[in-house]
Amino acid sequence: MTRTITIDPITRIEGHARISLQLNESGMVEHAYFHTTQYRGFEKFCEGRPYYEMPALMARSCGICPVAHLIAGAKACDEILAVKIPYTAMVLRRLMNYAQIIQSHALCFFYLSSPDFIFGFDGDPATRNIAGLAAKNPELALDGIRLRQFGQQIIELLGGKRIHPAWIVAGGVSEPLTAAHREQIRSKLPEIKEIALRTLATFKPILNSFPAEIETFGNFPSLFMGLVDDKGQLEHYDGKLRVVDSIGNVITHGLASTQYAEIIAEAVEPWTFMKFPFYKPMGYPAGMYRVGPAARLNVVTRCGTPLADAELDEFRATCGAPALSAYHNHWARLIEILFCVERLERKLAEDQVLDKHVRAGAAPNSLEGIGVAEAPRGTIIHHYFVDDQGVMKGANMIIATGHNNLAMNRSILQVARSFVDGERLNEGMLNRVEAVIRAYDPCLSCSTHAAGKMPIRIDLLTHRRELLCSLVR
Amino acid sequence: MNKCLIIGIGNTLRGDDGIASLVLKHLHDTIVSDRIVEVTQLTIELAPTLAECKCVLFIDAALDLPPGQWKIGEVPTGVEVATPFGHELTPAELVQLTCALFRHCPAASLLRIGASEFDKPDSISDILSVNVAAYADCVSHWYQEHFHEDENPVVAL
């Protein structure tokens, strides 16, 4: 007897997007919808697994920022164990997170975004990519490669491999750092810092060459959220949640990250699989907030390292405080790379970084655990529920791309209203929509694997929802 | 810039795709370890490594050869990087990007091994398994041809 098994929807496939622009009766763009068309299902298929598998399991949700998921997952498991992890383990987790931010930001800035700055948003798509950049400006491309390589090498030195290292575990990390590996990393820091500073010096003069894009790439009032330390400084591993409004007022200050549910709720829409988190006190969809590099710089009092703080001053003087345009994420990324290099210098200089005691052991002592960390793209939250044997009963993940979902939809609408003539789509329009999404650096862009080109389909619909035209890449 | 490098491409969890890794394991004691790189895919981050090389041999599974057969040839230079994927480049594209970035092109060869089964984790098909020594021999010959200018020559087989 034959048996048919139907899998619907197909899960865990990599992301592609569809965008619908709907016109009103006057032919003006009235609505924009950013459809995430695939269901991933991580929260569902973890049910029944032992809690200690969660960090490595959840890390599979991303090939670019698995470290952030490892950290958030491990922190949630630390809570389930109810242990305080060794100081050195915390430092080592931080080191890997800094490395991940450097490599991921380098990927986004150099590989994906800088071709737009070098060739222009209307440049030839055939050369508007890292290969074109290598031909036209090899020094810039090489700087990007070296930054990314540096971040990846640290991840490999610490965790044994570059992608999905199973090194960050419940209770700490699995192996200590060796003196040789510490020196290997430290020996490269001067060159990496020089590259970060050189890139900032290169980027800032061309920043204002794109006034229309700065004006329309997600340039609107919203809230911003990120982690800060006890002094209100930039924090990627731990700390407390801070939310500022569109004029810089702190409206949530010092909220323990484990209390995220007091300020964040989630909505769903029938036309996409991506959730819509919102700031609960303001309701949906008014409680739109943003996370990520620019949001982090918007919420902090200071960065907390000398060079990054100097850059922060210039950033705020130029872009505003808070900086509202999503375009400024690119600058913020470079500042964060510099910050991470400075933090690597400082943390690697500590004697305790070589301590061999890097893991706390315990059995499950709590039925619930929440882990929060800053990924390159913004705050991520892992919330786990287990039974008294430590078997997963449920999970909730709120990832950076989800936090930004409302803002990304609004950003596409803003770009569409500025660049769509009402009846026809064109390549420049397509690239600007890509670019505004790319400014948020969503997981979508990394999981689709194409440098400089996202597999996107844009549909232009009349007010009767009749298809006028489509652009497919 | 007088190094020779061998780059094995493939995923050991995808059956015959991991043949390069198996070949390099066979050569484990005969080639200096820092002259071997194993990757699942070619990425642009390998360009600085290639720029330090006089010559490079890529080893990869191939779908356009009969299973078990192998073929070694030169990697063409000056090709257009037509598919600029961030996580996957062909040997020719990687060499071209290395040229663009460093103004230096290593002489590149490619050993392609005809493969057929890609759905068996940790398992190579029988027809490839019986030929591993022959593939390794091919790699050794390539290395012997180039090692005379290499600062760390191959250990005698």
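User: What makes the span of helix α5 of chain B close to the expected one?

Analyst: Helix α5 (residues 132–146) of chain B has 15 residues and reaches 21 Å from first C-alpha to last. The expected span is 1.5 Å times one less than the number of residues, and here that comes to 21 Å. Helices are DSSP runs (H or I, at least four residues), and strands are too (E, at least two), numbered from the N terminus. This is a predicted model: local features need pLDDT of at least 70, and side-chain atom pairs count only at pLDDT 80 or more. Residues are numbered from 1 along each chain, and side-chain values use heavy atoms.

User: Why is A:Arg432 called buried?

Analyst: Buried means under 20% relative accessible area (exposed is over 50%, partly exposed in between; 1.4 Å probe, protein chains only). A:Arg432 has 8%, so it is buried. A:Arg432 lies in helix α14 (residues 427–440) of chain A.

User: Which residues does A:Arg432 touch?

Analyst: Contact means heavy atoms within 4.5 Å. Not counting residues up to four places away in sequence, A:Arg432 touches A:Phe121, A:Asp122, A:Glu213, A:Phe217, A:Val415 and A:Phe419.

User: Why are α7(A) and α10(A) called roughly parallel?

Analyst: Their axes cross at roughly 10° and come within 13 Å. Angles under 35 degrees count as roughly parallel (over 145 roughly antiparallel, 65 to 115 roughly perpendicular, the rest oblique). Therefore α7(A) and α10(A) are roughly parallel to each other.

User: Which residues of α10(A) make the contact?

Analyst: They are A:Leu307, A:Glu311, A:Glu314 and A:Thr318.

Note on methods:
Chains lettered and ligands numbered in written order. Axes fitted to C-alpha atoms, helices over the stretch in contact; angles between N-to-C directions.
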